[in-house]
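Hi everyone, thanks for coming. Have the sequence and the model open while I talk, and stop me whenever a word is new to you.

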Amino acid sequence: MATEIVFPLAAEANKQAFLPFSAPWFGDEEKNEILQTLASDWITTGPRTKTFEAKFADYIGSGEAVAVNSCTAALHLALAAIGVSPRDAVITSPLTFAATANVIVHQGAQPIFIDIDPDTYNLDPHKLVTFVQQQCRWDPRNRALWTKKTNKRVRAIIPVHYGGHPCDMNRINDCAREFRMTVIEDAAHALGATYYGRKVGTLGDMACFSFYPTKNISTGEGGMLTTQDPELARRVRLLSLHGISRDAWKRYGPDGSWHYDILDAGFKYNMTDLSAALGIHQLEKLPRFLKRRGELAKQYENLLADLPLKRPTALANVESAWHLYPVQVQSSWMSREQLIARLRADNIGTSVHFIPLHLMSYYQRRFGYQMGDFPVAESVFNRIVSLPFFPRMTDSDIERVGFAMRKAFAESMAA
């Protein structure tokens, strides 16, 4: 049945300033902290980074937090810390940014994709169990899970909390525990989300967060790894800065010593105090940011209720961090691409999260993935678009997007 779409009179959107898909929100607190950091003469990893780590661990409820220069770095360090190697495989979702799988490749391991749930867009735990039962074999002597096809040991699972909505971690953890797999949360989207009252970041063996400019808080570039395991944290911290026995703060501080040793071939993944200066105050503002994101989601829900769209799903016992507001276009008269173009003509930015990784030429060439392997991820990708969504948005910004959406569908239907 055709949908009748009525939209109110409004000023032409194309006369208004560009509304981006996302934007960070900094204030005087961050600016002043940056100036104080510069005046302190200590701009690399130092006291502010340590303060940020402590505050972050306290907020998450994790025993440990290690600040790094990106979520990609955190994910890579997590795999390196448990010794993932070329004989191994790591499970994750195809509907994620390239970094999630790239770090698996960096360790020489095989990325294994499991298709997504059609409502939450997270890794489907039922398909995970099916994969383990049908395409793997359990080695009881060595207590290890091996893939039948490539004879790789399945070492870890990286569930991606898509858009800020937590994965079904109880089922994922049950499977992981049974088959001795490490669980590494990709929480790039999910700072502040909860699952059965527990914060994302405490639901697996390790968790990795992003502070990129589009994320729920930003340090420009930055990331954090959380864990309850002090030994894992020690290993990650060591690998994050060249494998050096003393970081710069310990060597060049008032009680430091020039002497150090290289204990492992580590990486250059440390966070600077300049970044941490932003993070300290962004974290303090996170509750306000999350509250506003929830308000914006409710406004979109009401404004878009009668349009041919599939809106985000929020399951019971979950509090989403509402990092994204993705909708699927379910119209027979307008495609996702046409909607993006019409919004762009009205000076409104959008994005698409994500192109499934098994459709990327590298992963097809290297691992033999092809179109059709993960039909749910492909179906979602073909229709999904992320609307402007960030705490600085005003009510009038949301109304502007709603008006532009209604106008686009109405004009397309009339054409």
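Let's begin in a loop: H242 sits between α7 (230–239) and α8 (248–252). Its phi is near 65 degrees, which is a positive value in a residue other than glycine. H242 counts as partly exposed because its relative accessibility is 36%. For that scale, buried means under 20% relative accessible area, exposed means over 50%, and partly exposed is in between, using a 1.4 Å probe and protein chains only. As for the names, helices (H or I, at least four residues) and strands (E, at least two) are DSSP runs, numbered from the N terminus.

Before we go on, a word on where this comes from. This is a predicted model, where local features need pLDDT of at least 70 and side-chain atom pairs count only at pLDDT 80 or more, while totals for chains, interfaces and linings use all residues. Residues are numbered from 1 along each chain as its sequence is written, and side-chain values use heavy atoms, with hydrogens and water left out.

Here is another loop residue, D41, found between α1 (28–40) and α2. D41 also has a positive phi, near 70 degrees, and is not a glycine. Is D41 buried or exposed? With 69% relative accessibility, D41 counts as exposed.

One more loop, please. F354 lies between α10 (336–345) and α11 (361–367). The peptide bond leading from H353 to F354 is cis, and its omega is near 0 degrees.

Now to the helices. Find helix α2 (residues 47–60) and helix α9 (residues 273–303): their axes are 7 Å apart, and they pack at an angle of about 25 degrees. Axes here are lines fitted to C-alpha atoms, for helices over the stretch in contact, and angles run from 0 to 180 degrees between N-to-C directions. So α2 and α9 are roughly parallel to each other. The cut-offs are these: angles under 35 degrees count as roughly parallel, over 145 as roughly antiparallel, 65 to 115 as roughly perpendicular, and the rest as oblique.

The crossing of α2 and α9 is left-handed. That means the near helix is turned anticlockwise from the far one by less than a right angle; clockwise would be right-handed. Which residues meet here? From α2 they include F52, F56 and Y59, and the α9 residues they meet include I280, L283 and L290. Contact means heavy atoms within 4.5 Å. Sorted by class, this contact of α2 with α9 has 10 nonpolar, 3 polar and 4 charged residues. Ala, Val, Leu, Ile, Met, Phe, Trp, Tyr, Cys and Pro count as nonpolar, Asp, Glu, Lys and Arg as charged, and the others, Gly among them, as polar.

Q282 is buried, because its relative accessible area is 1%. Setting aside neighbours within four places in sequence, Q282 is in contact with W25, F26, E30, I217, S218 and F289.

The axes of helix α3 (residues 71–81) and helix α4 (residues 98–106) come within 9 Å and cross at roughly 40 degrees. That makes α3 oblique to α4. This crossing is right-handed. Here T72, L75, H76 and L79 from α3 meet A99, T100, V103, I104 and H106 from α4. The residues of this contact divide into 5 nonpolar, 4 polar and no charged.

Finally, the strands. Strands of a sheet pair through backbone hydrogen bonds, either parallel or antiparallel. Two strands count as paired if DSSP finds at least two bridges between them.

For a parallel example, take strand β2 (residues 88–92), joined to β3 by 4 bridges. T92 stands opposite F113 in β3. Strand β3 (residues 110–113) is covered on both faces: Q110 and I112 on one side, and P111 and F113 on the other, are all buried.

For antiparallel pairing, look at the open sheet of 3 strands in the order β12-β14-β15. β12 (309–310) and β15 (384–386) stand at the edges with a single partner strand each, so one side of each has no neighbour in the sheet. β12 pairs with strand β14 (residues 326–329) over 2 bridges, and K310 has Q328 as its bridge partner in β14.

A further open sheet has 3 strands too, ordered β9-β8-β13, again with antiparallel pairing. Its edge strands are β9 (198–199) and β13 (318–319). Strand β8 (residues 194–195) pairs with β13 over 2 bridges, and Y195 stands opposite V318.

That's my tour, so over to your questions!
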